[in-house]
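Here are some friendly notes to read alongside the model. Take the points in order, and keep the structure open while you go.

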Amino acid sequence: MKKIIPALLALFVFSFIIGCGSDDNGGSNGETTPRVVANTTVAAPSLSNPNDAVWSQVDSVSIDVSMTNAPRNIAPKVAAVPPSVQVQAIKADNFLYMRVKWSDPSFDAWPNYFYVANITNIVNFTHETLAEEDQVFVLFEDTADSGYDVWNWRVLTTGAGGLAEDGFFNTSTLQDTIIPDSDGTLGAVVAMQNYDNQFTNIPFYVHKDTSEFNQDTSDVLTGYALYTDDTLNTNDTLYIRYDTTSIGEPPNDSIIVDTVYVTALLTDGWVEGQRLPSFVIDSTLKNKSNAERGSRWDTRAVSTYSDAANEYTVVLGRLLNTGHSDDLNMGTVDSVKVKIGIYDDQNSFSTGSTSRGYSKEFWLILP
Ligand SMILES: [Ca+2]
Ligand SMILES: [Ca+2]
Ligand SMILES: [Ca+2]
């Protein structure tokens, strides 16, 4: 035993020196910074199937998540975020693909919504403006610009459109602000407001031929989303009139659907408490050119939520070099520091909450 102890001591000292000697390998406590190595041998994964078979050939790394990891303002007392997030990466066809899996007890896809308050001669809606949904942030450290290149996927307001919102987080300014990318963007949005600010209890659009929008998680693919190509049918359940007034966020030419005002609703098919989405999702933006989507919408996404496992699987993909000046060029670096934020029905970017946490920083290796 006496000979083993000095050997162990020497090993400990050696490990300590290695751990502290390089910013690449360790923090102040000597722990090794996790590494996720992007696979460069498999084919590019599907962006219509989050469980593409190629992912089974790619290493998955579990990264610790904690509410006390920055960015945050306040450390809450009770842990509710998942303890870890599973991360995979593929570098193929000049794209970086990341697959992120984490546990979440609830599928929260109703950021703002209408519900049927009562039915008299018409359906009367009331508007809930909670504006919160499940989401994930991937922060890529951009040392040259003193901040982070950001991918922000949200279950409805980006994800339902097959995209994630690309932005920039400048840690030297407002802690709560992600600056949306602007380079080359023409003002396109995925989620358009489904009401006029003067008449917040009246939805512009309803589903083309049914009043049914699932409130639970049993139909996670379509039940919570109202798409621009869900053409309204004037013969079904609704009286509508056409109006030339523009809706949505400026510039109005980004709105590619007819503008329709609901003036009266028949009660057919509607029940009290039933929900109606407060956003209309542009299902065409993801098919537009790089220039039309602009820097803000250059990250593609596909996802699924498993009720049985209470788990999200989200695949995100973006060009390594987008050509946009506000993005980190990942085509010219061999590694980048990354953090992943997990938000459970939570929209506030850095306010302390039991519903949001960040992963430990890890190295994404880009061979
Ligand atoms: Ca949730
Ligand atoms: Ca960006
Ligand atoms: Ca961008």
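1. Begin with how the chain folds back on itself. In this predicted model, take the contacts between residues at least 6 apart in sequence: 68% of them join residues at least 24 apart. The chain contains 22 strands and 2 helices. Of its 367 residues, 39% count as buried.

2. Next, a word on confidence. The average pLDDT of the chain is 77, and 70% of the residues score at least 70. Over residues 1-27 the pLDDT stays under 50, and the model has 14 contacts beyond four places in sequence for this stretch. Residues 217-221 also have a pLDDT below 50, with 6 contacts in the model beyond near neighbours in sequence. Please read both stretches with care.

3. Now look for the core. How many residues does the largest nonpolar core have? There are 74 of them, and those with the most contacts inside this core are Ala89, Val136, Val138, Leu316 and Ile340.

4. Strand β7 deserves a point of its own. β7 covers residues 135-142. Is β7 largely enclosed or largely open? Because 7 of its 8 residues are buried, β7 is largely enclosed by the rest of the structure. One partner of β7 is strand β8 (residues 147-154), which runs antiparallel to β7 and is joined to it by 8 bridges. Within this pairing, Leu139 stands opposite Val150 in β8. β7 is also joined to β20 by 6 bridges, again with the strands running antiparallel. Here Val138 has Ile340 of β20 as its bridge partner, and both Val138 and Ile340 were named among the core residues above.

5. Strand β2 (residues 61-66) also has pairings to trace. With strand β3 (residues 84-92), β2 forms 4 bridges in the antiparallel sense. One bridge to find is that of Ser62, whose partner in β3 is Gln86. With strand β21 (residues 356-359), β2 pairs over 2 bridges, also antiparallel. There, Ser66 stands opposite Tyr358 in β21.

6. Which strand order does the open sheet of 3 strands have? The order is β6-β5-β16, and the pairing is antiparallel. The edge strands, β6 (123-128) and β16 (275-277), each pair on one side only. From one strand to the next, the twist averages 35°. Strand β5 (residues 113-119) pairs with β6 over 6 bridges, and Ile119 has Val123 in β6 as its bridge partner.

7. Some backbone angles are worth a check. Most residues other than glycine have a negative phi. Ala131, in the loop between β6 and β7, has a positive phi near 60°. Asp345, in the loop between β20 and β21, is not a glycine either, yet its phi is positive at about 50°.

8. Why does Ala131 count as partly exposed? The reason is its 13 C-beta neighbours inside 10 Å. Asp345 has 20 other C-beta atoms within 10 Å, so Asp345 is buried. The cut-off for buried is 20 or more.

9. Asp344 lies in the loop between β20 (335-343) and β21, and Asp344 is buried because 23 other C-beta atoms lie within 10 Å. Although Asp344 and Glu132 are 212 residues apart along the chain, their C-alpha atoms are separated by 8.7 Å. Gly323 sits in the loop between β19 (311-319) and β20. With 14 other C-beta atoms within 10 Å, Gly323 is partly exposed. From C-alpha to C-alpha, Gly323 and Ser295 are 8.8 Å apart in space, while in sequence they are 28 residues apart.

Terms used
Residues are numbered from 1 along each chain as its sequence is written. Chains are lettered from A and ligands numbered from 1 in the order in which they are written. This is a predicted model: local features need pLDDT of at least 70, side-chain atom pairs count only at pLDDT 80 or more; totals for chains, interfaces and linings use all residues. A nonpolar core is a set of buried Ala, Val, Leu, Ile, Met, Phe, Trp, Tyr and Cys residues joined through C-beta atoms within 7 Å. A residue is buried if 20 or more other C-beta atoms lie within 10 Å of its own, exposed if 12 or fewer, and partly exposed in between; C-beta atoms are placed from the backbone. Two strands pair if DSSP finds at least two bridges between them. pLDDT is the predictor's confidence in each residue, from 0 to 100. Two residues are in contact if their C-beta atoms, placed from the backbone, lie within 7 Å. Axes are lines fitted to C-alpha atoms, for helices over the stretch in contact, and angles run from 0 to 180 degrees between N-to-C directions.
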